Amino acid sequence: MNYTSQKHLTYNPSLTRNIGNKALTIISALFSIISVLPLILVIIYVLIKGGSYINIETLILEPEPPGDDLLTAGGIGPAITGTFIMTVIASIISIPVGVGGGIYLAEYSKSGRFAKFIRFGSNVLAGVPSIIAGVFIYAIIVSTKILFGSMFSGIAGGISLSILMLPTIIKTTDEALKLVPNDMRRAAFGIGASKFTMITNITLPAAFTSISTGVLLALARAAGETAPLIFTALFSRYYITSFDDLFYEMGSLSVLIYNFALEPYEAQNQLAWAASFILVVVLLSLNILSRWIGTLGAFSKHKV
Amino acid sequence: MDKASTSKFSLRTRTTSEKLIDVGFKNIVVAMASMVAVVLFSIFAVVYYESTESISRYGLRFLFSSAWNPVTDEYGAFTAIYGTLFTSIASLVIAIPLGVGTAIFITENIIPKYLRNVIGLMVELLAAIPSVVLGLWAVFIMEPFIRPFLNTIYEIFGFIPFFSTQPLGAGMMPAILILVVMILPIITSISKDSLKQVPSKLRQAAYGIGASRWTTIFQVIIPAAISGITGGVLLALGRAMGETMAVTMIIGNSNNFSWSIFAPSYTISSMLANQFGEADGSQVSSLMYAALILMVLTLLVNVFAQWIVKKLSLKYQ
Amino acid sequence: MSKKNIKSTSSVSLDNVSIAYGNSVAVKNVFCDIEKNHVTSFIGPSGCGKSTVIRAINRMNDLIEGCKLSGSVIFEGIDIYAEDIDPVEVRRRIGMVFQQPNPFPKSIYENIAFGARVNGYKGNMDQLVEESLIKAAVWDECKDKLNESGYSLSGGQQQRLCIARTIAIEPDVILMDEPCSALDPLSTLKIEETIHELKKNFTIIIVTHNMQQANRVSDYTAFFNTEKKDKDLGGKIGFLVEFDKTKNMFNSPKQKSTQDYISGKFG
């Protein structure tokens, strides 16, 4: 026999193999703990530290300029509305374009050269650093004053966020529609539906939950972005009061955190923690919500 | 009489408007899909156009000079390029074993399934935390916590150039660590997905001839999942190179080149975040040149990632 | 309850084995002594637990979450489900060939060398690869392309490669879980010939849904059947009906349900 004959089947803990296996198992467990630790620590600090500064005044007041008053820095109200408004602007642009692009990829050109190129392009676009989106919008909108002479504006901020949302939405729409079984398409064509009717009445509704999961994730990512805003929307301490204000500087939670975290004043730092609390709670909720929707109606092969 | 007109169905033959809607809809979605290409090309074109002045003035010298002087109009991005590459690669070196190890741990049946799901979910939720919040956490919590450890390293190994300056707060090392936190979810979740896709019959085959758990993992499971894992690692590299806010807040933003990982440094993206708002004239052009370099770097990494996933995909069906 | 009067000629004994997935029992109260250097086949309708039982013999069920076994599986006098048993050790002595051919995504040579190396093989590797492929009757098809991927072979050749891989680690027992179910009749015939050759050196247990195959290849046959778990709830539990020499089983079965199954009345 060419193998070391081991007549015993009992577990031998001093065997190199068994020591190695045990060690590797313990190491992988340790690595998992290390990987989970940052999340727990970040969430604990943001919730406890940030949460302790949350009160009705922080939520609605406008922030004070740093250094004016060492005891209070006002609130984060305008930043909350600003983040909301710019995310809405970004959604208005990117959802129709993204869903439309996804429809083209999945329904009209499944494997054509152009579709391949667009799929590749949206992967590349997803990999473009977010600060580049900010630089790009600065160059074509802010510095050219193309928006009725205004420079930094909430609209410019929203547009640069939409660039970040676009690839995610195209991709999830494409993938969600591809999961819709072809039988449903044939059935629709079989009763004489046009392609437009087939898409709007059959495949889009069937893929709706998966698409909304992707849209929510894209939205959550955009709402937390800072880099594309710091030289497009800049920052403002004031609430917007009219439609015209969309064309002026606009504050956001993320830029507020960035600006105030680096201030030497305690009061401003506290505001940054409070803003982090709001941002993290909203984004984690959006994420969990999208996961929940995903499990609810994920369009799978078993469910037809 | 025409058959269609006698029918109960008024649309037996398609009306012109219905055909128009069909054609129009197709053209609209084609246009929307093209937007991806338009945006991508415009970004390249605009960043390139804006940087032409610097490109023609400095050429490749820009890549190897550490000068950054708005007064004398001398610009070079060496420190930032080095910082970008060093921080991202160093963070990758730390994050790969952690991420792949975690992915293995939660795809093996070592602990009960619901616990594994919880770990997987937590790591993925980590990706949902905005960069700027991680930056805030790094500045106020993480950096003060790790500074004593870094100081010990400095005191013992200070003679090595990499540890030759005293850690005084912001610097490259805390930036690397926060990058690890940011790219861990990418590596973990993509590795997890690739490991899960390995057909269970391969695992059975290995167990069936008496391979132990980790022999099976290293010799059968990981080789079969390597394309996905590599793709995830490269995506993480691209993300680390382009990451801006957390790094800007903790790296110290200094254009003085130093070998020490405890010294303040720069990355291209943190340089952009820091200076772009106040820059004018040829400084803008130089920043655009730096932005172009960053774009090309991330583009190369991303294209390589897509290529390698295709290339390495094993046919084991 | 314990009756460990194990015959010296038996290799594996199942002693009151019941297996459950989570809370649902798949197969219950199996008693069976499997003879050394003979071929034993497990037959029965689908869902009767024959595959579950064969996977229990080298603890492959450990891979399935929530799978529990009660009773004992005795291999050479040792209960392999005892606390202090190393399942890896067990699988080195009791090899397995699966329903779907599952070569590793490596070269043909490596497919065999990998298992040998895992088991600490110290001899001449080239020789072992050649011998194993010859024993598994696939050498002629493979000899010119040992460095090509195992997946370049046809399905039947892949399955014989998997058998060769198992032979190479020189186990005492080879388990085969419906090894021919994915194959064409010609490949099936070749594998049956291989089994005939192999029983000189190995104890073989084969699960099959094909009664002719059981009749052709095996010396002993165990017939499993199912019964309704609960009159109202449905669900099936498998159990061993009859275990005897194949000759007796096919000519004069003792149980009526065996008779019915063999004559094709159900299954």
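How many residues of chain C are in contact with how many residues of chain B? Select both chains and you'll find 21 residues of chain C in contact with 20 of chain B, where a contact puts two C-beta atoms, placed from the backbone, within 7 Å. On the chain C side, click through α2 (87-93), β6 (94-97), α3 (108-118) and α6 (155-168), which each give two or more residues; helices (H or I, at least four residues) and strands (E, at least two) are DSSP runs, numbered from the N terminus.

Some housekeeping: this is a predicted model, in which local features need pLDDT of at least 70, side-chain atom pairs count only at pLDDT 80 or more, and totals for chains, interfaces and linings use all residues. Residues are numbered from 1 along each chain as its sequence is written, while chains are lettered from A and ligands numbered from 1 in the order in which they are written.

Next, select chains A and B: 67 residues of chain A meet 69 residues of chain B. Highlight α1(A), as 18 residues of chain A's side come from there, the largest share.

Now pick A:Ile257. Leaving out residues up to four places away in sequence, A:Ile257 touches A:Ala272, A:Ala275 and A:Ser276, plus B:Val132, B:Val133 and B:Leu136.

Last stop: colour chain A by pLDDT, the predictor's confidence in each residue from 0 to 100. The chain A average is 88, with 95% of the residues scoring at least 70. Zoom to residues 300-304 of chain A, though, and pLDDT is below 50. Where pLDDT is low, the predicted coordinates should not be read in detail.
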